[in-house]
Amino acid sequence: MGRLADHPPYQKYAVAVRRSRIDGFGVFALEPVPRGQKIGEVRGEPISVSEARRRAATLERIMIVEISPRTAVDLARSTDPMRFTNHSCQPNGRLSIQDGRIEFYALRDIAVAEEITVAYGETHHAGRLACRCGAPGCVGRL
Ligand SMILES: [Zn+2]
């Protein structure tokens, strides 16, 4: 997992998918990412928001992002490394949803070997999971 050769062209910075202290697997920078830069993107299965909500209600672990009032993307079968990006209540990255694209940007300079995290927010369904990000002020759930 996470070998550079597997990265799609819209992955702008090299990352590795490794075991994370936060939850399961996470995404780790293999090169420095300057603040404001696009790190990469995820693509997945386009579904309706109602289907997204149905899946969110029935599955324990999901990763679905709503990209418009009617459309969502289910990343369960995506092979893009950024799909493993964990939530943190004090993230070093952010999700940008624009024109149907789900992109990840650096909120600050990210060092080699740092785990890349974002705040999932309301457009993101992560299932019924406890947040273990460990950040001060952690809200405790996703
Ligand atoms: Zn947290």
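1. A residue is called buried when its relative accessible area is under 20%, exposed when that area is over 50%, and partly exposed in between. Cys 131, at 10%, is therefore buried. Cys 133 has a relative accessibility of 5%, so Cys 133 is buried as well. The model is a predicted one, and every value in this note is computed from it.

2. Both cysteines belong to the zinc site. The zinc ion takes its protein donors from the SG atoms of Cys 89, Cys 131, Cys 133 and Cys 138, at 2.2 to 2.5 Å. Along the chain these donors are spaced as C-x41-C-x1-C-x4-C.

3. What is the geometry of the zinc site? The site is tetrahedral, and the angles among the four donor atoms run from 106 to 115°. For four tetrahedral donors the ideal angle is 109.5 degrees.

4. The largest pocket holds about 430 Å³ of space. Its lining consists of 22 residues, and those nearest the centre are Asp 23, Arg 61, Ile 62, Asn 86 and Tyr 120. Sorted by class, the lining comprises 13 nonpolar, five polar and four charged residues.

5. The second largest pocket has a volume of about 160 Å³. Among its lining residues are Arg 21, Ile 22, Phe 28, Arg 108, Glu 114 and Glu 115. Cys 133 also lines this pocket, and the SG atom of Cys 133 is one of the zinc donors.

6. Ile 22, from the lining of the second largest pocket, sits in the loop between strand 1 (15–19) and strand 2 (25–29). Its relative accessible area is 8%, so Ile 22 counts as buried. Beyond its neighbours within four places in sequence, Ile 22 is in contact with Asn 86, His 87, Glu 115, Thr 117, Arg 132 and Cys 133. Of these contacts, Asn 86 is one of the residues nearest the centre of the largest pocket, while Glu 115, Thr 117 and Cys 133 line the second largest pocket. From Ile 22 to Gln 11, 11 residues away along the chain, the C-alpha separation is 23 Å.

7. Where does Ser 96 lie? Ser 96 is part of strand 8, which covers residues 93–98. With 9% relative accessible area, Ser 96 is buried. Neighbours within four places in sequence aside, Ser 96 is in contact with Arg 101, Ile 102, Glu 103 and Tyr 105.

8. Asp 99 belongs to the loop between strand 8 and strand 9 (101–106). Is Asp 99 buried or exposed? At 79% relative accessibility, Asp 99 is exposed. The phi of Asp 99 is positive, near 50°, and the residue is not a glycine. Most residues other than glycine have a negative phi.

9. Ala 113 also has a positive phi, of about 80°, without being a glycine. Ala 113 is located in the loop between strand 9 and strand 10 (115–118). Its relative accessibility is 46%, so Ala 113 is classed as partly exposed.

10. Ala 106 is a residue of strand 9. At 5% relative accessibility, Ala 106 is buried. Which residues is Ala 106 in contact with, leaving aside its neighbours within four places in sequence? They are Val 33, Pro 34, Arg 35, Gly 36, Gln 37, Ile 39, Asn 92 and Gly 93. Ala 106 and Ser 20 are 86 residues apart along the chain, and their C-alpha atoms are separated by 19 Å.

11. Val 65 is in strand 5, residues 64–66. Its relative accessible area is 1%, so Val 65 is buried.

12. Gly 137 lies in the segment after strand 11 (124–125). Gly 137 has a relative accessible area of 69%, which means that it is exposed. Gly 137 and Ala 56 are 81 residues apart along the chain, and their C-alpha atoms are separated by 26 Å.

Technical notes
Residues are numbered from 1 along each chain as its sequence is written. This is a predicted model: local features need pLDDT of at least 70, side-chain atom pairs count only at pLDDT 80 or more; totals for chains, interfaces and linings use all residues. Side-chain values use heavy atoms; hydrogens and water are left out. Donors are N, O and S atoms within 2.8 Å of the metal (3.2 Å for Na, K and Ca); water is not among the atoms, so sites may look incomplete. Four donors count as tetrahedral if all angles lie between 85 and 135 degrees; four count as square planar and six as octahedral if opposite donors are over 155 degrees apart and all others between 65 and 115; anything else is irregular. Buried means under 20% relative accessible area, exposed over 50%, partly exposed in between (1.4 Å probe, protein chains only). On a 1 Å grid over the protein atoms alone, a cavity is a set of points where a 1.4 Å probe fits but cannot get out, and a pocket is an open set with protein on both sides within 12 Å along at least five of seven lines; lining residues have an atom within 4 Å of a point. Grid points are joined across faces, edges and corners, and a volume is the space filled by probe spheres set on the points. Ala, Val, Leu, Ile, Met, Phe, Trp, Tyr, Cys and Pro count as nonpolar, Asp, Glu, Lys and Arg as charged, and the others, Gly among them, as polar. Helices (H or I, at least four residues) and strands (E, at least two) are DSSP runs, numbered from the N terminus. Contact means heavy atoms within 4.5 Å.
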